[in-house]
Amino acid sequence: MNHLVIRGAHLRQTLAGFTAAAIALFAFTGAQAEETHRRTLAEQFIQDAKDGKISPETGDGGVQELIVKRNIPISYEYINTLMTTPNAFGPGVACTVCHSSTDNSKSYRGLDLSTCKGIIEGSTEKPKRKLFVAGTDPKRDVLIRRLRNNRMPLGAGFHIPTNSPNIELVTKWIADGAKNDEHFNKNVLPLFSAANAFGPDTPACTACHMSNQEPPSFHELNLSTHAGVMLGADSVAKGVDKATKVVIPGKPELSFLWQHLAEDRMPPGISPGENRDHPNTTILSQWIKQGAKCN
Ligand code: HEC
Ligand code: HEC
């Protein structure tokens with residue numbers, strides 16, 4: 001099933017060749033290709049290539065340009081192949097090795113990714129939850145964020161517990177309203193500036209998130225003050241009002257700060273350097289946006 005894990009470079013080459021051929025073809029038939037009938041996908045592709053509107057050489061195998069933009073229907077059959085195939089979303093064993101039944105003695109989180117019904121039902125172990133809302137953008141929902149979001153500190157291993165006392169402290173602080181009080185300044189804030197606070201041999205959060213300037217601070221996120229934590233990410237690029245909030249007071253589960261501390265990227269052990277926007281993750285998102293249809 002190696003052909004599924006299309007190497008970007010290979011497809012890019014193929015597409016580059018295809019583009020050249022398509023443009024040549026257009027030059028030949030272009031005069032007749034008037035807009036008197038609804039364009040087929042191929043005709044639209046040729047037109048867009050000629051107009052310089054598309055650049056399939058984007059490193060994602062043309063997924064964005066040729067599949068997402070044209071809303072090509074994604075079949076459940078393809079999604080099933082992704083779930084059952086090694087390396088489908090980046091190096092690692094197939095999802096269904098660990099998530100193949102609703103019996104939580106055989107499958108982590110009682111999550112069955114081997115059937116369409118199981119994917120839609122989500123995790124059946126407590127806390128039971130759906131992984132997305134069919135027909136909506138799933139970027140921030142459980143399934144896609146488990147494929148895209150790296151656990152922090154960047155590179156924190158799968159073996160590091162996600163319920164350590166320090167993670168619990170942060171969780172409780174968010175749950176209690178994320179206040180700028182003595183407890184926060186004495187017990188919570190210093191954790192972000194300490195090495196090894198969230199796992200052995202891990203750098204301090206502030207080694208990478210120390211100010212609103214990127215570089216050096218990733219996502220313009222400043223975890224060294226209460227104001228910085230509450231302001232969130234990308235406040236310079238997006239503007240203060242539109243900055244990405246990483247803490248939602250009272251709601252740890254919805255807070256990106258909590259998600260990035262307590263949720264491992266799947267498949268377990270995948271390196272944070274692996275593409276977070278893997279073409280197949282985009283395809284999975286697209287299937288969900290199209291309504292997560294089972295046939
Ligand atoms: C080697 C075993 C293993 C493989 C392979 C694996 N997972 Fe997981 N997965 C786990 C474990 C263990 C957990 C629970 C611990 C945790 O939350 O990190 C989990 C949790 C999850 C969750 C969270 C569910 C919830 O209710 O919070 C999702 C979603 C998920 N995995 C999806 C996937 C996908 C998609 C793949 C394939 C890319 C995959 N997993 C591959 C072991 C695995
Ligand atoms: C070695 C550098 C590094 C360290 C250390 C680090 N981060 Fe990050 N962080 C990143 C990078 C890079 C990203 C963006 C890409 C990604 O998610 O992989 C990021 C993203 C984030 C985001 C998401 C921001 C958004 O816009 O959604 C949060 C939240 C976050 N980090 C919190 C933390 C916390 C909390 C710690 C400490 C436990 C920490 N980081 C440690 C590099 C780091």
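1. Asp-234 is placed in the loop between H10 and helix H11 (235-238) of this predicted model. Although Asp-234 is not a glycine, its phi is positive, at about 60 degrees. The residue counts as partly exposed, because 16 C-beta neighbours lie inside 10 Å, and this class falls between the cut-offs of 12 or fewer for exposed and 20 or more for buried.

2. Arg-109 also calls for comment on its backbone. This residue, likewise not a glycine, has a positive phi of about 65 degrees. Its position is in the loop between helix H5 (95-98) and helix H6 (116-121). Is Arg-109 buried, exposed or partly exposed? With 19 other C-beta atoms within 10 Å, Arg-109 is partly exposed, since the buried class requires 20 or more.

3. Where does Pro-216 lie? Pro-216 belongs to the loop between helix H9 (182-192) and helix H10 (226-231). The bond that joins Pro-215 to Pro-216 is cis, and its omega is near 10 degrees.

4. The other bond runs from Met-266 to Pro-267; it is cis, with omega near -5 degrees. Pro-267 is found in the loop between helix H12 (256-262) and helix H13 (279-289).

Conventions
Residues are numbered from 1 along each chain as its sequence is written. Chains are lettered from A and ligands numbered from 1 in the order in which they are written. This is a predicted model: local features need pLDDT of at least 70, side-chain atom pairs count only at pLDDT 80 or more; totals for chains, interfaces and linings use all residues. Helices (H or I, at least four residues) and strands (E, at least two) are DSSP runs, numbered from the N terminus.
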